[in-house]
Amino acid sequence: MPRAAHCISRKQIDEETLKVMYRLHRNGFKAYLVGGGVRDLLLGRRPKDFDVGTDATPNQVKNLFRNCFLVGRRFRLAHVRFGRDKVVEVATFRRKPAVGEMPEDPEDHFRFQENVFGSPCEDAFRRDFTINALFYDINSFSIIDYVGGLEDLAARRLRVIGEPVERFTEDPVRMLRALEFCARLDFSLDAEARQGIYRAAPLIADAAPARIREELMELFRHGVAGAVLRHAAAMGLLEPLLAGYAGDEETFDLLEHLDRRTRGGLPVVEPFALAALSLSRFLRACPPNREAPVTEVVRLAGLVLAPHCGYFSIARAISHQARELLVGIYRLARGRRQRGERRLLGNPMTPHALDLLGCWSEVTGDYRDLVGQWRAALDGKAPVSTPPPDAPAKRRRRPRRRKRNTDKGSPG
């Protein structure tokens, strides 16, 4: 697609990325803008970052830039650094190796096949989705499309490159990313890709938990967690994705409410997200209308969080904050005029617990009046309640007087 037929301008690409692309081009190498940056520019969206594809090997890129560092053993990349914060990622075009090229040792196969260099066309067919395999050529300012991505972009359709089950078997996380892209871009999912997810859904359990955890937080950062996890549940992907977690309608509604707040500029941190995922189950296990000692409430909150925190190796500090949010919600939902109200209002986690309880009340209709009362108390617009008059006063134990030894003892 020539420059006159598309909307991408060099003015939309940051200065550092253009410097890298032009230096590669001046030294006789191909220099393409690749991946999501091209997709987002064509959709009129602002890309999160820009990646460069080239036929120069990582060592050749390093020789061109003094500020270049090679990273990754499994997938060798060149990082060109500008200042403290800016990094331009440069990847060499890859291809799928032939069977005869594989090393004799099977343990070396994976790393080898990720670092077999090829042509731009071969690289495009290795990518996940057609809309992510579009290239922008800095030499001709044209868009290069080997896989039909422009057609899918115009149709607002997400399509897998190649046979979906085969590509999902290669990398099961692609199933989650497919649902994420559909939610973020408001695209429809291709019928073959949908059937592929139905068939390959159990394979997501083989993905590294640390990677799934990061992808899950990406859903919250982009404000699409509710929609993606709802669709994942409908397609049989949610339980293998989250170690047996089964969501419900109230939870999905709560997550979609949080997503709207995120898109409005109020991001969600991990303890808050974890508490939101667990809140419905916690309230069923520990209903606020049932009297229970605080130690029992803390224990039940920990039990509800344990499967997720254990599977994803959540740090103790994060799981502790999530547990404090659930316990705080229980104490707030019990109502006012309870013993320990002053300490509850002074707890630094109480405003966050009340915020989550307020979101819950918005989607379920429960506790709305109570949330308003607690907000007034936290703002100092309502007096702090005292325990009911019939509550027994706590008696202070008088200290024992030490018995003095009056024995004189026998003379020596």
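**Close-up views of a predicted model**

View 1. Asp 186 sits in the loop that links helix H8 (173–185) to strand S9 (188–189). Its phi is near 60°, a positive value in a residue other than glycine.

**View 2. Ala 243, a partly exposed loop residue.** The loop between helix H12 (238–241) and helix H13 (249–263) holds Ala 243. Although Ala 243 is not a glycine, its phi is positive, at about 55°. With a relative accessible area of 36%, Ala 243 is partly exposed.

**View 3. The crossing of helices H14 and H18.** Helix H14 (residues 270–285) and helix H18 (residues 350–364) have axes that come within 11 Å and cross at roughly 60°. H14 is therefore oblique to H18. The crossing is right-handed. H14 contributes Phe 272, Ala 275, Ala 276, Leu 279, Ser 280 and Leu 283 to the contact, and H18 contributes His 352, Asp 355, Leu 356 and Trp 360. Seven of these contact residues are nonpolar, two are polar and one is charged.

**View 4. The largest nonpolar core and a second, separate one.** The largest nonpolar core has 110 residues, of which Leu 24, Val 90, Leu 189, Ile 197, Leu 229 and Phe 282 touch the most other members. H14 gives the most to this core, with nine residues. Apart from neighbours within four places in sequence, Leu 229 contacts Leu 216, Leu 219, Leu 238, Leu 241, Phe 252, Leu 255 and Leu 277. A second, separate core consists of nine residues, among them Val 34, Ala 133, Val 147 and Ile 161.

Definitions and conventions: Residues numbered from 1 in each chain as written. Predicted model: local features only at pLDDT ≥ 70, side-chain atom pairs only at ≥ 80, totals over all residues. Heavy atoms only, no water. Axes fitted to C-alpha atoms, helices over the stretch in contact; angles between N-to-C directions. Helix = DSSP H or I, 4+ residues; strand = E, 2+ residues; numbered from the N terminus. Parallel < 35°, antiparallel > 145°, perpendicular 65-115°, else oblique. Left-handed = near helix turned anticlockwise from the far one by under 90°. Contact = heavy atoms within 4.5 Å. Nonpolar A, V, L, I, M, F, W, Y, C, P; charged D, E, K, R; others polar. Core = buried A, V, L, I, M, F, W, Y, C linked by side-chain atoms within 4.5 Å. Buried < 20%, exposed > 50% of the residue type's maximum accessible area, 1.4 Å probe, protein only.
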